[in-house]
Amino acid sequence: MEGYLLTIGILFMLYEGSYCELYRHDYYCDQAPGGWLKFNPIPHTWEEAALRCYNEGAILASPLDEEFSKTLSNIMIDHGLLTTPIFTGISNVYARSEYQTMEGVPISNLCISWSAEPNIKPSDQNCIAMNTNGTVTALSCLDRHPFVCYRKSGVQLNECGAVDNGFVLDNRTGSCYKAFNMLSSWPESFAICAREGAHLAVINSDTEAEVIWDLAKKVLAQTPVPSWSYVNIGFRSWSEPRTWMTIHGQSLKDAGYDKWSPNEPNHEHERCGTLFAGSSVKDGVLNDGECHVTRKFICELDPKINAAVH
Ligand SMILES: [Ca+2]
Ligand SMILES: [Ca+2]
């Protein structure tokens, strides 16, 4: 009998382990849907929510079956969400006549109950939200609602604890970095790094300045335009006169790197932090830049923080 129970126990652990592998520290593993979930309380439009889940290596969760629906309801109750619906992954955003989950399951294959008569307007873009009691309702995709991101089993994390292999560990600093070739304003760069479970790169030493400078040079060389000869990094200024602070609340000196370019910071309206990396005379040192100007940027991720087991 004991041997039987032991076998069952081992099989259970193996089963559990098959989907509860390492994943982002802000997700938790749930047996019912067999994967990883994260509740996002801040209301987003459907598109923003879908994009956020995508950036986190997940998809917008849908009530795929009764168990999953109960799991989503319980998440809402646990977070005090009793009257506000959450967006699900069900929508017709790709073609007006086709409602399906993010996984591609047609709405007709789902066991869902409508909170009232389905109020779908055939010509409109509709996104399906779920109420706490498990019923669903059609809403404008431009409304803003909380949502749940879902990552199915089979997660393979790289050495950075990231799903995205764009993040690469640098042994000189022990941090992971990803240089983005796209152009974004400083606030958008900050947001993209955050969605990836990372942060805009913070320079904590001369060595790290060299590491980030190298990455910046490479990514800037992919589209060599002179006005893009700097990248957004994780510091900015507040108040008058300007007080420079990293995104982790430290002065540049305390953080470990405060080498400005000789004539920088130079303009009051330039409040966001950048690193020169494309011009021969100013390379590898700091500059203040306008926050709305779009630049390439570098995210940093601490592998010890990201890959936590729950
Ligand atoms: Ca750093
Ligand atoms: Ca400047």
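**Close-ups of a predicted model**

View 1. Strand 6 (residues 126-130) and strand 7 (residues 136-140) run antiparallel and are joined by five bridges. Helices and strands here are DSSP runs (H or I, at least four residues, for helices; E, at least two, for strands), numbered from the N terminus, and two strands pair if DSSP finds at least two bridges between them. Look across from Cys127 and you land on Leu139 in strand 7. The two strands make a hairpin with five residues between them, and Gly134 in the turn has a positive phi of about 95 degrees.

This is a predicted model, in which local features need pLDDT of at least 70 and side-chain atom pairs count only at pLDDT 80 or more, while totals for chains, interfaces and linings use all residues. Residues are numbered from 1 along each chain as its sequence is written, with chains lettered from A and ligands numbered from 1 in the order in which they are written.

**View 2. Strand 3 and its two partners.** On one side of the story, strand 2 (residues 28-30) pairs with strand 3 (residues 35-44) in the antiparallel sense over three bridges, with Tyr28 opposite Leu37. Four residues sit between the strands of this hairpin, where Gly34 takes a positive phi near 65 degrees. Strand 3 also runs antiparallel to strand 8 (residues 145-152), joined to it by seven bridges; there, Lys38 stands opposite Cys149.

**View 3. Helix 5, end to end and around.** (The expected span is 1.5 Å times one less than the number of residues.) Its buried residues are Glu208, Ala209, Val211, Ile212, Leu215, Ala216, Val219 and Leu220. They cover an arc of only 160 degrees around the axis, which puts them on the same side of helix 5; the arc is that of the directions from the helix axis to the C-beta atoms. Over on the other side, Asp206, Lys218 and Ala221 are exposed. Buried means 20 or more other C-beta atoms within 10 Å of a residue's own, exposed means 12 or fewer, and partly exposed is in between, with C-beta atoms placed from the backbone.

**View 4. The core around helix 5.** The buried residues of helix 5 pack against strands 9 (168-170), 10 (175-184), 12 (230-238), 14 (272-276) and 16 (295-301). The largest nonpolar core has 38 residues, and Ile212 and Ala216 are among those with the most contacts inside it. Helix 5 gives the most to this core, with seven residues. A nonpolar core is a set of buried Ala, Val, Leu, Ile, Met, Phe, Trp, Tyr and Cys residues joined through C-beta atoms within 7 Å. Leaving aside neighbours within four places in sequence, Ala216 is in contact (C-beta atoms, placed from the backbone, within 7 Å) with Ala179, Val231, Leu275, Ala277 and Ile298.

View 5. Glu264 and Pro265 are joined by a cis peptide bond, with omega about -5 degrees. Pro265 sits in the loop between helix 6 (252-255) and strand 14.

View 6. Confidence in the protein is lowest in helix 1 (residues 2-19), at a mean pLDDT of 46; pLDDT is the predictor's confidence in each residue, from 0 to 100. Over residues 4-17 the pLDDT is below 50, and beyond near neighbours in sequence this stretch has zero contacts in the model. Where pLDDT is low, the predicted coordinates should not be read in detail.

Notes:
Two residues are in contact if their C-beta atoms, placed from the backbone, lie within 7 Å.
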